Amino acid sequence: MTTSDPTASPSAFDLEQRVDSVDTTLHSQRCAVIALGSNLGNRLDTLQGAVDALADTPGLKIKAVSAVYETDAVGGPAEQPAYYNAVVVLRTSLPPHDLLDRGNAIEDAFGRVRDVRWGPRTLDVDILSYEGVVSEDPRLLLPHPRSHERAFVLAPWLDAQPEAELPGHGPVAALLAALGGADAQGVRRREDIRLTLPE
Ligand SMILES: Nc1ncnc2c1ncn2[C@@H]1O[C@H](COP(=O)(O)OP(=O)(O)OP(=O)(O)O)[C@@H](O)[C@H]1O
Ligand SMILES: Nc1nc2c(c(=O)[nH]1)N=C(CO)CN2
């Protein structure tokens with residue numbers, strides 16, 4: 001029998017399949033935390049562009065963005081410009097290496113040149129943690145091996161996720177306090193500028 005009743009479509013069977021596929025998507029979402037840094041060019045525009053590009057990524061939803069921090073460059077050649085740093089907390093169905101590839105592609109899109117270790121850069125996208133995953137693959141070390149000693153990472157991370165824990169190291173708040181707080185490494189929160197999330 002045919003019917004013109006709009007509530008008869010989709011059929012109960014179709015609906016069940018769709019709900020199943022939505023469930024699968026929800027269950028495969030993982031929490032990841034990404035650090036952004038820039039000390040060349042228009043630093044704020046670049047960080048905002050990186051946030052927009054991440055937000056545009058299929059299978060990725062941004063949950064929180066930190067304040068912008070202006071930070072003295074750590075390591076690398078002397079006399080580098082100060083960085084802007086920020087941290088983004090997200091949920092994603094992308095596996096860790098796909099998230100890394102996406103981060104590298106966003107770096108490339110903003111003219112990132114890789115020559116000098118810890119040299120100045122338009123954009124750095126580092127994965128700090130991915131749902132408690134531990135990886136010793138040099139292409140993707142998880143959690144990021146230097147994040148626990150970097151106030152330019154911990155201060156914005158704490159800002160975006162106050163209850164954050166760094167797998168294997170403990171609460172981010174305690175790690176930052178152990179470094180002497182944000183000020184100790186020349187990390188200053190900029191109250192006059194901010195990053196926004198696309199509607
Ligand atoms: N957790 C991670 N996030 C991003 N890149 C990583 C990670 N673990 C390993 N890598 C690898 O590190 C390589 C060098 O990355 P990059 O040049 O951005 O390092 P860096 O940001 O200058 O230094 P650092 O690693 O100390 O932050 C990349 O090719 C990447 O594959
Ligand atoms: N202040 C600051 N210093 C750095 C940064 C950074 O993002 N901010 N990134 C580095 C390599 O990832 C090396 N040094």
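This is a predicted model: local features need pLDDT of at least 70, side-chain atom pairs count only at pLDDT 80 or more; totals for chains, interfaces and linings use all residues.
If you want a place to look, G37 has N85 in β4 as its bridge partner. Then there's strand β3, residues 68-71, which runs antiparallel to β4 and is joined to it by three bridges. For that one, look at E70, whose bridge partner in β4 is Y84.

Is β4 mostly covered or mostly open? Mostly covered: eight of its 10 residues are buried. Take A86 as an example. Leaving out residues up to four places away in sequence, A86 touches L36, L47, V65, S66, V68, Y69, P156 and L195.

Okay, zooming out for a second. The chain has five helices and 10 strands, and of its 199 residues, 33% count as buried. If you take contacts between residues at least 6 apart in sequence, 72% of them join residues at least 24 apart.

Now the core. The largest nonpolar core has 45 residues, and those touching the most other members are I34, A50, A86, V88, L154, A155 and W157. Helix α4, residues 151-160, gives the largest share of this core, with eight residues.

Let me stay with W157, which lies in that helix, α4. Why does W157 count as buried? Because W157 has 29 C-beta neighbours inside 10 Å, and the cut-off for buried is 20 or more. Apart from neighbours within four places in sequence, W157 is in contact with V33, S66, V87, L128, A164 and V172.

For contrast, have a look at G41, in the loop between β1 (30-38) and α2 (43-55). G41 comes out as partly exposed because it has 15 other C-beta atoms within 10 Å. Beyond its neighbours within four places in sequence, G41 is in contact with T46 and T122. G41 and R121 are 80 residues apart in sequence and 8.6 Å apart in space, again C-alpha to C-alpha.

UniProt, in an unreviewed entry, places the feature "domain: 7,8-dihydro-6-hydroxymethylpterin-pyrophosphokinase" at residues 117-128. In the model, residues 117-128 are 0% helix and 42% strand, with the end C-alpha atoms 18 Å apart.

Last topic, the ligands. Which residues surround ligand 1? They are L100, R114, W118, D124, D126, I127, R139, L140, L141, L142, H144 and R146. The elements giving two or more residues to that shell are β5 and β7 (140-142). By class, the shell around ligand 1 has six nonpolar, one polar and five charged residues.

And ligand 2? It has 13 residues around it, and the closest are G37, T71, V74, Y83 and F152. The class count around ligand 2 is five nonpolar, five polar and three charged.

That's my tour, thanks.

Methods
Residues are numbered from 1 along each chain as its sequence is written. Chains are lettered from A and ligands numbered from 1 in the order in which they are written. A residue is near a molecule or strand if its C-beta atom, placed from the backbone, lies within 6 Å of it. Ala, Val, Leu, Ile, Met, Phe, Trp, Tyr, Cys and Pro count as nonpolar, Asp, Glu, Lys and Arg as charged, and the others, Gly among them, as polar. Helices (H or I, at least four residues) and strands (E, at least two) are DSSP runs, numbered from the N terminus. A residue is buried if 20 or more other C-beta atoms lie within 10 Å of its own, exposed if 12 or fewer, and partly exposed in between; C-beta atoms are placed from the backbone. Two residues are in contact if their C-beta atoms, placed from the backbone, lie within 7 Å. UniProt positions are given in the numbering used here, feature names are shortened, and annotations may be inferred rather than shown by experiment. A nonpolar core is a set of buried Ala, Val, Leu, Ile, Met, Phe, Trp, Tyr and Cys residues joined through C-beta atoms within 7 Å. Two strands pair if DSSP finds at least two bridges between them.
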